[in-house]
Amino acid sequence: MMKANEIREMTAEELNVKLADLKKDLFNLRLQHATNQLDNPTQITKVKRDIARVNTVLRELQLAGKA
């Protein structure tokens, strides 16, 4: 799980790369969950929240005119 301060220190390009990685992770976790191979289903929630944090910071950068 990433902290909001860590996310805010990243550039817009880094955030876009991180967002793509998190979406891939979420897809893989959902696939594992569907096939009953996922040991800890709370990982899905943690990745979703990280995605939301990254999206929030990206939106803040857009509104500030830095992205």
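This report describes the fold, confidence and selected residues of a predicted protein model.

Residues are numbered from 1 along each chain as its sequence is written, and side-chain values use heavy atoms, with hydrogens and water left out. Because the model is predicted, local features need pLDDT of at least 70 and side-chain atom pairs count only at pLDDT 80 or more, whereas totals for chains, interfaces and linings use all residues.

**Overall architecture**

The secondary structure consists of 3 helices and 0 strands, where helices (H or I, at least four residues) and strands (E, at least two) are DSSP runs numbered from the N terminus. Along the sequence the pattern reads α-α-α. Taken along the principal axes, the C-alpha atoms fill a box of roughly 45 × 15 × 15 Å. Of the contacts between residues at least 6 apart in sequence, 62% join residues at least 24 apart; a contact means heavy atoms within 4.5 Å.

Confidence is expressed as pLDDT, the predictor's confidence in each residue, from 0 to 100. The protein averages a pLDDT of 93, and 97% of the residues score at least 70.

**Surface and charge**

The protein exposes about 5000 Å², of which carbon and sulfur atoms supply 49%; accessible areas come from the Shrake-Rupley method with a 1.4 Å probe, and for residues only the protein chains shown count as cover. Buried residues make up 25% of the 67 residues. Here buried means under 20% relative accessible area, exposed over 50%, and partly exposed in between (1.4 Å probe, protein chains only).

The mean positions of the 12 positive and 9 negative charges are 7 Å apart. Lys and Arg count as positive and Asp and Glu as negative, while His and the chain ends are not counted. The place of a charge is NZ of Lys, CZ of Arg, CG of Asp or CD of Glu.

**Selected residues**

| Residue | Relative accessibility | Class |
|---|---|---|
| D50 | 6% | buried |
| M2 | 12% | buried |
| D21 | 37% | partly exposed |
| N36 | 72% | exposed |

D50 lies in helix α3 (residues 42-64) and counts as buried because its relative accessibility is 6%. The side chain of D50 makes a polar contact with the side chain of R53 at 3.1 Å. A polar contact is a pair of N or O atoms within 3.5 Å; within protein, one must be able to donate a hydrogen and the other to accept it, and residues adjacent in sequence count only if both atoms are side-chain atoms. Leaving aside neighbours within four places in sequence, D50 is in contact with M1, M2 and L22.

M2 is placed in the segment before α1. Not counting residues up to four places away in sequence, M2 touches I7, M10, K18, D50 and R53. The C-alpha atoms of M2 and V47, 45 residues apart along the chain, are separated by 9.3 Å.

D21 belongs to helix α2 (residues 12-34).

N36 sits in the loop between α2 and α3, and its phi is near 60°, a positive value in a residue other than glycine. N36 counts as exposed because its relative accessibility is 72%. N36 and K3 are 33 residues apart in sequence and 29 Å apart in space, C-alpha to C-alpha.
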